[in-house]
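Trainee: I'd like to learn how to read salt bridges in a model. Can you walk me through it?

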Amino acid sequence: MIPKYRMWNEIISRLHSVDGLYFDREVVQYKDEVGASRFIKFKNTTLMQSTGLFDKNGKEIFEGDIVTDGEFARIVQYHQTLGFYMFDEEGNERFFSDSATLEDFEEDAKIVSEILEIIGNVYENPELLEVTE
């Protein structure tokens with residue numbers, strides 16, 4: 001799988017798909033709202049990697065997304081060694097896959113795509129994570 005990213009930049013305050021990363025120039029290439037190719041410095045930019053999984057509506061799940069199983073809202077996060085995970089309602093880490101085998105990952109991806117739904121992301125919808133009493 002070729003890694004796929006999106007970005008959030010504090011200055012432009014919008015999510016954009018990443019078209020290129022240029023480490024020698026320290027810039028991210030993206031397309032703006034009208035499809036024009038733009039470049040922005042790494043500074044104040046957060047990259048979010050795709051999990052390679054899709055929610056029940058066919059929308060690609062990225063780290064930083066807020067997903068729900070219909071009962072709880074959770075943030076998708078990335079662990080460099082173990083992959084993508086969420087915290088469950090007790091605060092325990094829940095990984096998308098319980099095994100490193102391709103067959104198990106594909107089965108877990110099928111389960112995710114039938115249950116989880118993206119309801120927002122941590123940058124544009126932080127209010128989705130607020131606890132109401």
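Mentor: Let's go through the salt bridges, starting with the ground rules. This is a predicted model, where local features need pLDDT of at least 70 and side-chain atom pairs count only at pLDDT 80 or more, while totals for chains, interfaces and linings use all residues. Residues are numbered from 1 along each chain as its sequence is written, and side-chain values use heavy atoms, with hydrogens and water left out.

Trainee: What counts as a salt bridge?

Mentor: Side chains of opposite charge can pair when their charged atoms come close. The cut-off here is a side-chain nitrogen of Lys or Arg within 4 Å of a carboxyl oxygen of Asp or Glu.

Trainee: How many salt bridges does the structure hold?

Mentor: Six. One of them joins R6 and D65, at 2.5 Å from N to O. R6 sits in strand β1 (residues 5-9) and D65 in strand β7 (residues 65-68), so this pair ties together parts 59 residues apart in sequence. Strands here are DSSP runs of E, at least two residues, numbered from the N terminus.

Trainee: Is R6 buried or exposed?

Mentor: Buried, at 11% relative accessible area; D65 is buried too, at 2%. Buried means under 20%, exposed over 50%, and partly exposed in between (1.4 Å probe, protein chains only).

Trainee: Which residue does D32 form a salt bridge with?

Mentor: R38, with the closest N and O atoms 2.9 Å apart. D32 is buried at 13%, whereas R38 is partly exposed at 40%.

Trainee: And what about D69 and R74?

Mentor: They form a salt bridge as well, their closest N and O atoms being 3.3 Å apart. Here D69 is partly exposed at 31%, and R74 is buried at 11%.

Key: Helices (H or I, at least four residues) and strands (E, at least two) are DSSP runs, numbered from the N terminus.
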